Amino acid sequence: MYDEMSLDPLVYNISHKDLTMTLQFVYNGQDFVTEAQRSSGNGLAPEPSHFDLTIQAGWSDRMNRGLFRYHLDDLQTRIIPGPHGYVAQLNIQRGLQRRKPQEILSIKQEFNANQFNFNKIDPEEVIFEMTKVVEGRKEKGQLHERWRVVVLVNVSPLEFGHCLFVQEPSCCLPQVLTSFSIQVGIESVLLSSDPGFRVGFNSLGAFASVNHLHLHGYYLHHELQIESVPVKPLVPEKGFYRLLDFPAGFLFYTESECVVKVARAICQVTDFLVESNTAHNLFLTRGSPPSDQIQDEKDHCSRKGVRIAVWPRTSCFGAKDESAFNVALCELAGHLPFKNKKDYELSTEKDVKDVIERYLLPEAEFHKLEQHLTHHLTDL
């Protein structure tokens with residue numbers, strides 16, 4: 001469905017404000033890739049979906065035009081020895097040249113138009129805008145216009161294709177998840193045929209850098225344990241589970257048919273966390289169906305659905321210490337971007353776990369939260 005000369009599903013709009021062309025990515029449920037597989041080692045890379053081609057072409061174009069703060073080459077990568085299989089990458093330039101993060105003082109901090117926000121970016125950083133055709137209205141040509149989702153490059157990228165999904169930038173929403181933004185995150189993973197496309201979210205107090213609602217998306221072509229780690233069912237009818245491995249957290253799972261239902265359940269959890277002043281990180285990735293046991297190779301390699309990990313954690317307020325090993329969405333998922341070569345080369349699995357442990361909730365507090373959330377989702 002990728003056709004630059006047609007109006008469906010991708011069309012160009014001219015903005016009279018900045019006289020630039022904004023690519024419109026229009027999609028529906030038929031565009032979801034429902035049979036993705038994680039290669040067992042000898043398989044060919046999946047054919048890129050139209051979503052992948054659009055992001056990758058737009059991102060590469062902006063990189064070639066020098067719109068980023070630094071040029072991102074192939075990152076030096078190593079798998080840290082140990083059962084967790086942490087994926088370490090050396091990204092010195094991000095630590096040196098990224099924009100200074102905002103000072104965050106509260107999980108419920110209000111949007112401040114005087115601080116940097118995504119209404120102040122160079123319009124050339126926008127790759128496209130996303131719109132979904134509403135089920136049942138397609139024949140009338142009506143589109144889901146309630147919210148606009150702008151996809152723009154992250155000018156300080158973690159990895160190839162690193163972009164930001166911003167829900168209706170002009171509404172100036174603070175960095176608090178909505179059901180719709182969660183739905184867009186899940187659907188973006190489903191629109192990609194690449195099991196390495198990831199989406200994530202950092203709340204305020206969990207190393208969010210900008211207090212303007214956004215999710216991260218990027219490609220990491222290394223398998224992460226979160227894709228298949230065993231889970232314990234908590235409220236399985238709502239897709240809610242507990243991770244059975246470090247770091248302690250919760251997991252939702254959905255396939256394409258139940259995205260809206262699961263997105264609402266996730267939002268009920270994140271709303272509960274916000275109201276209880278609990279910072280949190282989310283990581284969305286293709287993953288195998290939930291199981292409380294190690295799966296056989298067929299189930300282990302299946303990536304037809306999306307796993308959404310939710311980690312409640314201790315809050316970190318004040319400006320980020322950019323020399324520190326910050327534990328945010330990708331680190332909790334097992335992807336570790338290092339800012340200096342010494343730590344990259346010498347860190348062991350124990351070193352990594354010791355750092356992450358400092359940001360997790362105490363065990364008793366986590367189990368109390370688990371009980372509250374289980375009852376909360378059961379009663380709704």
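Among contacts (heavy atoms within 4.5 Å) between residues at least 6 apart in sequence, 73% join residues at least 24 apart in this chain. The model is predicted, so local features need pLDDT of at least 70 and side-chain atom pairs count only at pLDDT 80 or more, while totals for chains, interfaces and linings use all residues. Residues are numbered from 1 along each chain as its sequence is written, and side-chain values use heavy atoms, with hydrogens and water left out.

**The chain overall**
- Nine helices and 15 strands make up the secondary structure; helices (H or I, at least four residues) and strands (E, at least two) are DSSP runs numbered from the N terminus.
- Of the 380 residues, 54% count as buried, meaning under 20% relative accessible area with a 1.4 Å probe and protein chains only.

**Helix α3**
- Residues 179-191 form α3, whose 13 residues reach 18 Å from first C-alpha to last, close to the 18 Å expected at 1.5 Å a residue (1.5 Å times one less than the number of residues).
- This helix is largely enclosed by the rest of the structure, because 12 of its 13 residues are buried.
- Among those buried residues are F180, Q183, E187 and L191.

**Helix α4**
- Helix α4 (residues 259-275) has 17 residues and a C-alpha reach of 24 Å from first to last, close to the 24 Å expected.
- Its buried residues include V259, V262, I266, C267 and L273.
- The cover over the buried residues of α4 includes α3, β13 (279-287), β14 (305-313) and α9 (363-379).
- After α4 comes N277, with a positive phi near 60°.

**The loop residue N28**
- You will find N28 in the loop between β2 (21-27) and α1 (50-64).
- N28 has 8% relative accessibility, so it counts as buried.
- A polar atom of the N28 side chain lies 2.9 Å from the backbone nitrogen of Q30.

**The second largest pocket**
- This pocket holds about 540 Å³ of space, the volume being that filled by probe spheres set on grid points joined across faces, edges and corners.
- A pocket here is an open set of points on a 1 Å grid over the protein atoms alone where a 1.4 Å probe fits, with protein on both sides within 12 Å along at least five of seven lines; lining residues have an atom within 4 Å of a point.
- Of its 34 lining residues, R94, R98, N154, S209 and H216 are the closest to the centre.
- β6 (149-153), β9 (214-219) and α6 (329-332) each supply at least two lining residues, and α6 gives the largest share, three residues.

Definitions and conventions. Buried means under 20% relative accessible area, exposed over 50%, partly exposed in between (1.4 Å probe, protein chains only). A polar contact is a pair of N or O atoms within 3.5 Å; within protein, one must be able to donate a hydrogen and the other to accept it, and residues adjacent in sequence count only if both atoms are side-chain atoms.
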